[in-house]
2 protein chains.
Amino acid sequence: MSGWVRIVGLGPGNDALITPEVVGVLEEATDVVGYIPYVRRVPARAGLTRHESDNRVELDRAQHALSMAVEGRRVAVVSSGDPGVFAMASAVFEAAEDGPPAWRGLEVTVHPGITAMLAAAAALGAPLGHDFCCINLSDNLKPWALIEKRLRLAAEADFAMAFYNPRSKARPEGFGRALEVLRDTCAPDQLIMFARAVSTPDQALTVVPLSEATPEMADMRTVVIMGASNTRIIPRDDGPWVYTPRSVPV
Amino acid sequence: MSGWVRIVGLGPGNDALITPEVVGVLEEATDVVGYIPYVRRVPARAGLTRHESDNRVELDRAQHALSMAVEGRRVAVVSSGDPGVFAMASAVFEAAEDGPPAWRGLEVTVHPGITAMLAAAAALGAPLGHDFCCINLSDNLKPWALIEKRLRLAAEADFAMAFYNPRSKARPEGFGRALEVLRDTCAPDQLIMFARAVSTPDQALTVVPLSEATPEMADMRTVVIMGASNTRIIPRDDGPWVYTPRSVPV
């Protein structure tokens, strides 16, 4: 039997957000590789070997998946959210491009998932209802100057913005610097939203004007959404609705 | 029984990409409202009334959904893709904000789906694997000058870009103008991708350098993805892999 690599997205946390297509891939796989907590979301069964690896070893993990597939294994590479958004798909193609020619002859497919910003936006209302951008705030793999440049241009374009990886123990200061850039470029009453552990029992949502945002409002499990200048809030007793209108008047 | 409005995403076309959460909403609904082809994706059954409406009447449709929910109906509002990305969620909240107070007391929830750009990116490889933006190229609801400004700033930020509604019979020229703006601001060999009818039997993928792109490559069923300056192509006999690397060297 010929091996393959299928890169799948497990969605933001709630199993009811995993697509049937991804469930089908996991049922056919002989091996699952991924970051420890994501691999643990795949139930153990006979015939399935689960390979857990630590964070920040994405290229090693991709090479492992490709080398197993060349040996005829059916390998599911799991990411949370969508595998094409700051996740494993790019790492697998990068490893395939730089690896032995046999890796580029393999069947490698990507199977989308609900990425965190879409689940966060849904929980809040529709803050990404008009043009938006999506920025990874970690400077592990790119210079901070590029992040800052993109923030300034995105604010000038008046995009709504979704931020992944806003803050971690290893990078406690970055998000505070991002807030300073946003305060330089956006109005103080522009809305900013913090969606933590979306779709899980730990879900917590916070909506504040930019002037009241603090770095501590974000952690590793938070997606941050910055509203556009016309993003609106509808106050309600059980949590506001936030949305960005579909139209911008001429 | 109290009524509700649940705004759901049916994904890009293949039913294997609909989440179990959305399937559950559709099973509980008494009414489904939406644009004709999306409502027809929901199977008829006893106890379910399907309300089909034409394109471009989003606010009317949203008001209809909210008014039925006030009467105790359980109303599913369907969009293709994700309901929060250029779809019905913003229209429902806009109608709720401007409508009678009872509408703002309703249970209104949004249930995410696989939006077209994620399915298109997955089919192509991982072109949205790093920072990106998402722009609706239709000028039905915003001035063309704003679209052009956002394109220029997004190019300056070196985002990968996903374009929705690139071209329609009513707007045949807009996409050609967008290509001109991109040619002003991006390198001629930067990759641009056309993903038509993604996840359906009609799926067609085209990848060309920007210098070879023509307006006719896009239609109403196409999502266009413009690569960033470092987006790479891996040629293969059965269609290339395209990906944007996770890292940008300092």
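This is a predicted model: local features need pLDDT of at least 70, side-chain atom pairs count only at pLDDT 80 or more; totals for chains, interfaces and linings use all residues.
**View 1. Packing of helices H3 and H4 in chain A.** The axes of H3(A), residues 58–70, and H4(A), residues 88–98, come within 8 Å of each other and cross at roughly 65°, which means that H3(A) is roughly perpendicular to H4(A). The crossing of H3(A) over H4(A) is right-handed. From H3(A), the residues Glu58(A), Leu59(A), Ala62(A), Gln63(A), Ala65(A) and Leu66(A) meet Met88(A), Ala91(A), Val92(A), Glu94(A), Ala95(A) and Ala96(A) of H4(A). By class, the residues of this helix contact comprise nine nonpolar, one polar and two charged.

**View 2. The contact between chain A and chain B.** In this contact, 57 residues of chain B touch 57 residues of chain A. Helix H4 of chain B, residues 88–98, supplies the largest share of the chain B side, with seven residues. The side of chain B that touches chain A is made up of 34 nonpolar, ten polar and 13 charged residues.

View 3. Ten strands make an open sheet with mixed pairing, in the order S10(A)-S9(A)-S11(A)-S8(A)-S7(A)-S7(B)-S8(B)-S11(B)-S9(B)-S10(B). At its edges are strand S10 (204–209) of chain A and strand S10 (204–209) of chain B, each of which pairs on one side only, and the twist from one strand to the next averages 15°. Strand S7 of chain A and strand S7 of chain B, each spanning residues 132–136, pair in the antiparallel sense over three bridges, and here Cys133(A) stands opposite Cys133(B).

**View 4. Strands S8 and S11 of chain A, with helix H6.** Strand S8 (residues 160–164) of chain A pairs with strand S11 (residues 222–226) of chain A in the antiparallel sense over three bridges, and Ala162(A) has Ile225(A) in S11(A) as its bridge partner. Helix H6 of chain A, residues 116–124, lies across S7, S8, S9, S10 and S11 of chain A and runs at about 65° to S11(A).

Terms used. Residues are numbered from 1 along each chain as its sequence is written. Chains are lettered from A and ligands numbered from 1 in the order in which they are written. Axes are lines fitted to C-alpha atoms, for helices over the stretch in contact, and angles run from 0 to 180 degrees between N-to-C directions. Helices (H or I, at least four residues) and strands (E, at least two) are DSSP runs, numbered from the N terminus. Angles under 35 degrees count as roughly parallel, over 145 as roughly antiparallel, 65 to 115 as roughly perpendicular and the rest as oblique. A crossing is left-handed if the near helix is turned anticlockwise from the far one by less than a right angle, and right-handed if clockwise. Two residues are in contact if their C-beta atoms, placed from the backbone, lie within 7 Å. Ala, Val, Leu, Ile, Met, Phe, Trp, Tyr, Cys and Pro count as nonpolar, Asp, Glu, Lys and Arg as charged, and the others, Gly among them, as polar. Two strands pair if DSSP finds at least two bridges between them.
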